[in-house]
Amino acid sequence: MQNALRILQMLQHQPSIKAVAVGEELGLGTSTVYRLLATLEAEGFVQRDRVQRKYRAGRTLIAIGIAAVGDLDVRRKARAYLDGLALSTGETAHLFILEGPDARIIDSAEGSSAVRVAADTGLLVPAHASAGGKALLAALSNSDLHSLFPRGLPHVTAATLTTWEAFEAEIDVIRKRGYAVNHGEFNEAIAGVAVPIVDRARRLVAALALAVPLERFSDERAYDLADELRQQARLLADTLI
């Protein structure tokens, strides 16, 4: 059991692990490593990527993590701001954190519009293909961005930016204007806008985002929503210790 827990601790510091790395780290034989990983996979603590032959956090571990995050300052205090944004804009509000090359929605408030985006708490999305993820990635250096995506930027939809030249240009724009936009880059029918949440110590904490059906999204709408997001993000940041 101790070795199984040590495997889970390895996933705390890296988004995915290979069986060979587990064996080297824990000093275990190949058969023992695969037996432990198989048990963890069966219980939902890890999930196997059969293409890359790596193991990531599974549904059970993610659910436990989100439940634990429920006690953290930012998620608890963001609840009122998510509800307020959903009410004032009619759009679905999301709270994002960065998990390696991905971004996870750790809380949501569904909008009131007749046609709206679902509240997807717990959803893990490619950070480079979502507004919330891009708002978080913009806080990193370009060299750190390359380190997060050693195999390049994965294609998700026809709108996803997959070349470094285009993506770095967009990240530079996000840094200058203070908000990120997604035009159908993760889901062809959904757009979004997001801003980073920075606490009093100037630390990046999370990102506040609004998801909008692409059919009623525009640059003007993005600008207006970004302004409201910035105001709420500042108010939320002032409550964080």
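Predicted model: local features only at pLDDT ≥ 70, side-chain atom pairs only at ≥ 80, totals over all residues.
Two strands pair if DSSP finds at least two bridges between them.

Six strands make up an open sheet, in the order E5-E4-E3-E8-E7-E6, and their pairing is antiparallel. The edges are taken by strand E5 (124-126) and strand E6 (180-183); each has a single partner strand, so one side of each is left without a neighbour in the sheet. On average, and with direction ignored, neighbouring strands of this sheet are turned by 30° against each other.

| Strand pair | Bridges | Sense | A residue and its opposite |
|---|---|---|---|
| E7 (residues 190-198) and E8 (residues 204-213) | nine bridges | antiparallel | Val-193 and Leu-210 |
| E3 (residues 92-99) and E8 | five bridges | antiparallel | Ala-93 and Leu-210 |
| E3 and E4 (residues 102-109) | seven bridges | antiparallel | His-94 and Ser-108 |

Strand E8 pairs with E7 through nine bridges and with E3 through five. Besides the residues in the table, Ile-197 has Ala-206 of E8 as its bridge partner. E8 is mostly covered, since eight of its 10 residues count as buried, that is, under 20% relative accessible area.

Two hairpins connect strands of this sheet. The hairpin of E7 and E8 has five residues between the strands, and in this hairpin Arg-202 takes a positive phi near 65°. The hairpin of E3 and E4 has two residues between the strands; here the positive phi, near 60°, belongs to Gly-100.

Helix H9 (residues 219-239) lies across E6, E7 and E8, and runs at about 30° to E7.

**Leu-210 in strand E8**

Leu-210 is a residue of strand E8. It stands opposite Val-193 and also opposite Ala-93. Its relative accessibility is 2%, so Leu-210 counts as buried. Leaving out residues up to four places away in sequence, Leu-210 touches Leu-85, Thr-89, Glu-91, Thr-92, Ala-93, Ala-191, Gly-192, Val-193, Leu-225 and Leu-229. Among these, Leu-225 and Leu-229 fall within the residue range of H9. The C-alpha atoms of Leu-210 and Ile-190 are separated by 10 Å, and the two residues are 20 residues apart along the chain.

**Lys-134 in helix H6**

Lys-134 is placed in helix H6 (residues 131-137). With a relative accessible area of 0%, Lys-134 is buried. Neighbours within four places in sequence aside, the residues in contact with Lys-134 are Ala-127, His-128, Phe-167, Glu-170, Ile-171, Ile-174, Ala-180, Val-181, Asn-182 and Glu-185. Of these contacts, Ala-180, Val-181 and Asn-182 lie within the residue range of edge strand E6.

**Helix packing around H3**

Two packed helices are described by the angle between their axes and the distance between the axes. Helix H3 (residues 30-42) takes part in a contact with H2 and in another with H1.

The axes of helix H2 (residues 19-26) and H3 come within 9 Å and cross at roughly 115°. H2 and H3 are therefore roughly perpendicular to each other. The crossing in which H2 passes H3 is right-handed. H2 contributes Ala-19, Val-22 and Gly-23 to the contact, and H3 contributes Val-33, Tyr-34 and Leu-37. By class, the residues of this contact are five nonpolar, one polar and no charged.

For helix H1 (residues 2-13) and H3, the axes come within 10 Å and cross at roughly 70°. That angle makes H1 roughly perpendicular to H3. On the H1 side the contact is formed by Asn-3, Ala-4, Ile-7 and Leu-8, which meet Leu-36, Leu-37 and Leu-40 in H3. The residues of this contact divide into six nonpolar, one polar and no charged. Leu-37 of H3 is named in the contact with H2 and in the contact with H1.

Methods
Residues numbered from 1 in each chain as written. Heavy atoms only, no water. Axes fitted to C-alpha atoms, helices over the stretch in contact; angles between N-to-C directions. Helix = DSSP H or I, 4+ residues; strand = E, 2+ residues; numbered from the N terminus. Parallel < 35°, antiparallel > 145°, perpendicular 65-115°, else oblique. Left-handed = near helix turned anticlockwise from the far one by under 90°. Contact = heavy atoms within 4.5 Å. Nonpolar A, V, L, I, M, F, W, Y, C, P; charged D, E, K, R; others polar. Buried < 20%, exposed > 50% of the residue type's maximum accessible area, 1.4 Å probe, protein only.
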